[in-house]
Amino acid sequence: MTMDRRSVLGLGGVLAAGLVLAPGMRLVAAPENVTEASDKRRWGMLIDTTHCDAACTACTQACRTENNVSIVGDPQRDIHWIRKVDLHDKDGRKPDRSLPVLCNHCEHPPCVHVCPTEASFIRKDGIVLVDMHRCIGCRYCMIACPYKARSLVYSKPKVPPDANTRVPIRAKGVVEKCTFCVHRIDDGGEPACVEACRKDGGGSMLFGDINDPNSEISKRIREVSTTTIRADLGLKPRVHYQGI
Amino acid sequence: MELLRSLAARIGVAVFVTLLFVLAVGLPANVQAGPPQLEEPKGGGECIRPEGWMRRNHMDFLKHQRGLTVREGIRVRSESLAKCAECHTSHTRFCDRCHNYVGVAPDCFECHLFPE
């Protein structure tokens with residue numbers, strides 16, 4: 001039996017399609033209770049420092065409650081996922097500012113590059129996470145991070161009586177940091193700090209998909225002048241600031 | 001001599017009987033003969049997988065789901081660890097009893113807030 005060029009190519013195509021589809025059980029409509037991080041999305045944040053009050057701690061408090069981040073009591077060993085930083089221009093040309101600093105979920109995160117166990121990783125939607133099951137607590141990432149966004153759990157954490165059971169606590173000896181409240185995002189929500197800022201604070205935090213040109217955050221970033229902290233390092237942080 | 005021998009025999013019998021008694025009364029109370037008898041979870045319907053399969057494979061299953069959830073962001077809500085807690089309402093009653101029996105110490109509950 002002889003086959004012409006066209007039918008050979010056609011047969012090859014059918015076989016290739018079969019190979020691709022056969023293991024692709026995911027093509028079957030997924031049940032409603034399954035969600036997956038999408039590589040089409042890039043979560044980002046815009047913080048309008050002109051509306052951030054120095055005395056307000058709504059975001060930091062909300063973060064501690066949501067993510068079971070207890071206060072150790074020793075300033076050198078306290079764990080911060082988000083913290084308030086006061087800016088003061090020595091020449092007095094710019095007004096004093098107060099702003100929350102959290103993990104910037106960089107596009108090129110140095111913490112991930114230095115991690116020897118691949119515990120730190122970038123999720124498909126751009127969120128930088130620590131896989132606590134793999135972290136050995138070497139703290140390379142803490143040294144690499146220019147934003148001081150990471151903390152080591154030095155001692156056995158206290159479990160608050162009203163702990164949020166949706167977020168596991170972290171055992172002694174791992175490094176933890178802001179997750180952009182990944183459990184809330186996966187349920188279609190937004191980070192606890194953003195929600196608290198809108199409710200109890202100045203409404204200066206905006207969260208959304210910066211890959212989507214029609215999202216509110218993308219529009220705002222296009223319209224107003226924003227910057228990122230230490231933009232000179234070329235890490236492409238995804239937390240943008242307005243007014244500094 | 002005869003007296004000494006019979007005395008020794010009597011002591012031997014007494015020790016033997018005492019030992020038998022200790023074994024008969026003391027052991028079942030302290031040392032379990034077979035695997036732990038587990039109670040059925042109340043309120044829940046069927047488990048997400050057959051019971052026998054779960055007994056053998058839950059550790060690999062949980063680890064697999066863990067990898068998918070943490071690293072790929074795939075959340076299967078009906079098969080999450082939190083969902084287990086809806087029927088298996090206590091890790092001391094449902095997890096630790098077997099783990100202690102077979103001598104394994106998984107550290108899941110150092111971080112995951114599972115009902116006691």
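How many helices and strands are there in chain A? Chain A has seven helices and eleven strands, counted as DSSP runs numbered from the N terminus (H or I, at least four residues, for helices; E, at least two, for strands).

## Ground rules

This is a predicted model, so local features need pLDDT of at least 70 and side-chain atom pairs count only at pLDDT 80 or more, while totals for chains, interfaces and linings use all residues. Residues are numbered from 1 along each chain as its sequence is written, chains are lettered from A and ligands numbered from 1 in the order in which they are written, and side-chain values use heavy atoms, leaving out hydrogens and water.

## Inside chain A

Of the 244 residues in chain A, 42% are buried, that is, under 20% relative accessible area with a 1.4 Å probe, protein chains only. Take the contacts in chain A (heavy atoms within 4.5 Å) with a separation of 6 or more: 61% of them link residues 24 or more positions apart.

β2(A) runs antiparallel to β9(A) (residues 205-209), joined by five bridges, with M45(A) partnered by F207(A). It also pairs with β11(A) (residues 239-242), this time parallel and over four bridges; here D48(A) partners Q242(A). Pairing takes at least two DSSP bridges between the strands.

## Where the chains meet

On to the interface: 14 residues of chain B are in contact with 29 residues of chain A. Together the chains bury about 1,900 Å², 51% of it on carbon and sulfur atoms; that is the accessible area (1.4 Å probe) the two parts lose on being put together, summed over both. R71(B), R75(B) and L113(B) supply 38% of the area that chain B buries against chain A, more than any other three residues.

There are four salt bridges between the chains, each a side-chain nitrogen of Lys or Arg within 4 Å of a carboxyl oxygen of Asp or Glu. One of the pairs forming a salt bridge is D131(A) with R71(B), whose closest N and O atoms are 3.1 Å apart.

## A strand pair across the interface

The chains also share strand pairing: β1(A), residues 34-35, runs antiparallel to β1(B), with two bridges joining them. V34(A) sits opposite V76(B) in that pairing.

Notes
Buried means under 20% relative accessible area, exposed over 50%, partly exposed in between (1.4 Å probe, protein chains only).
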